Amino acid sequence: MNKEKRVFEILENKNVDFKKEIVAGITTFLTMAYIIAVNPSILSATGMDQGALVTATCLAAAIATMLMGVFANLPFALASGMGLNAYFAFSVVIGKGISWEIALTAVFVEGIIFILMSLFKVRQAVVKAIPMNMKYAVTAGIGLFIAFIGLTGSKIVVDNPDTFLALGHFTTPTVIIALIGVVVIAVLDKKGVKASILFGILVSTLLAWGYAMFNPEYAASLGIYLPNGIIKFESIAPIAGKLDFGYMLNPNTIWTFITVVCTFLFVDFFDTIGTLVGVTSRAGMLDKDGNIPNVGKALMVDAIGTTAGACLGVSTVTTFVESSTGVAAGGRTGWTSVTTGLLFLVAMFFSPIFVAIPACATAPALIYVGYLMLGAVKNIDFNEITEGFPAFITIAAMPLTYSIGDGLTLGVLAYVFINVLYNTFFIKKREEKKKISIVMIVLAIVFLFKLFLL
């Protein structure tokens, strides 16, 4: 009995507010449901069956997310990662002329490596080594990053050939819908309504669908569609279990294969760590030493999710930053993840509804949660430049590079170089030198290798 409790810690939860956890799980699902449509759209460019990809995307997300809840007891959701799926399709398969079966094999190998790294606690050591000020910076940086996703997805911020970015037109329906959603969330949150973020998404979705009813052609040009039916299910047989190890075993192609695996490895590794640190910090779940509860289990689930996802036929499965919306809605235990995972299972059969939730409807949640996460900057010691400046670099780089992993990379490099140089040239007494974790130094070396050689 005791062993069961240690393995399934979710069963030990006492005084769980199931209503809050369920609302949080629904909120997380709705903010990341776009992956059901976007992932198949991207991966199908490789020639993979799009219908099968919809089912596989939902199934991989459901398995990994429910495992996160049951095994790690954390309110985090997982699915095929954005950016990683684009790299899979356009850089590896189309760019290098590699078949999608071989690319799936690279993802599978990456997952196996992550499982081994988790077993030997390499990833846990990295999470533990990140200084507290940097952890707060990751939280704030993710806040700006997801707010930026919301702002661009709703066309509040648009591309501009002269200034790169510019303010969008406020007569655009997606802008109006998103702004209404933000106001709804803010007012309801101020009123103390626990499901304010969920209500904001629902109001924006209904407004978008209502607009599509009266002006379907223009709405379609903005990415707003009415659900094309209600029930639909596709078999995963065309893509599941299609791994091809031939490229890996061929001496002429093995180095190309290794490069692909390493790229998947780096991006997934640090995106996941950044997301776990940032979302956990926002939830107030870090312990007194700044450590994440059950981080080893969480990272193991992430690794298993990637491996299982490759077998099912989808690109790298990773922890989603949109989990922060569920945390903001009050999710604190694995029941949030279980709820989200179950909804992904349901979505396999009702995908037309969830595919039709437009970006302008989820944007209000991302923008508002970005505001909440940015509050972590108040905990950063900006008066100490060796701590504050690397934190600033981390915060600024995440939205500007459109990558959590790249932001963490630049922040760690800044932290290590500034502190090592200061210790070396300006601090003479050994006892006054700032202690820098050997893990952080190794990370800096690895990051340099990544930046210059990959």
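1. Is Gln124 buried or exposed? At 15% relative accessibility, Gln124 counts as buried, since buried means under 20% relative accessible area, exposed over 50% and partly exposed in between (1.4 Å probe, protein chains only). Gln124 belongs to helix α7, residues 122-129; helices here are DSSP runs of H or I with at least four residues, numbered from the N terminus. Leaving out residues up to four places away in sequence, Gln124 touches Met117, Ser118, Val295, Gly296 and Leu299, where contact means heavy atoms within 4.5 Å.

2. A note on the basis of these values is needed. The model is predicted, so local features need pLDDT of at least 70 and side-chain atom pairs count only at pLDDT 80 or more, while totals for chains, interfaces and linings use all residues. Residues are numbered from 1 along each chain as its sequence is written, and side-chain values use heavy atoms, with hydrogens and water left out.

3. Helix α7 packs against helix α13 (residues 254-282) at an angle of about 50 degrees, and their axes are 11 Å apart. Axes are lines fitted to C-alpha atoms, for helices over the stretch in contact, and angles run from 0 to 180 degrees between N-to-C directions. The two helices are therefore oblique to each other; angles under 35 degrees count as roughly parallel, over 145 as roughly antiparallel, 65 to 115 as roughly perpendicular and the rest as oblique. The contact is made by Arg123, Val126 and Val127 of α7 with Phe269, Phe270, Thr272, Ile273 and Val277 of α13.

4. Lys121 is exposed, with a relative accessible area of 55%.

5. Tyr402 also has a positive phi, of about 60 degrees, although it is not a glycine. Tyr402 is found in the loop between α19 (385-401) and α20, and it is partly exposed, with a relative accessible area of 44%.

6. Helix α20 (residues 404-426) packs with helix α21 (residues 438-453) at about 125 degrees, with axes 9 Å apart. That angle makes α20 oblique to α21. Among the residues that meet are Leu408, Val412 and Phe417 in α20 and Ile441, Phe447 and Leu451 in α21.

7. The largest nonpolar core has 112 residues, and Ile36, Phe88 and Phe264 have the most contacts inside it. A nonpolar core is a set of buried Ala, Val, Leu, Ile, Met, Phe, Trp, Tyr and Cys residues joined through side-chain atoms within 4.5 Å. Apart from this core lies another, of 7 residues, including Ala140, Ala376, Ile380 and Ala391. Setting aside neighbours within four places in sequence, the contacts of Phe264 include Leu84, Phe88, Ala103 and Thr316.

8. Ile98, in the loop between α5 (84-96) and α6, is buried, with a relative accessible area of 4%. Beyond residues up to four places away in sequence, Ile98 touches Val92, Val93, Ala103, Tyr247 and Thr256. Ile98 and Thr46 are 52 residues apart in sequence and 9.5 Å apart in space, C-alpha to C-alpha.

9. Helix α16 (residues 334-347) has 14 residues and reaches 20 Å from its first C-alpha to its last, close to the 20 Å expected; the expected span is 1.5 Å times one less than the number of residues. Its buried residues include Gly334, Val338, Phe344 and Ala347. Among the elements that cover the buried residues of α16 are α2 (18-32), α3 (35-43), α4 (50-72) and α17 (351-355).
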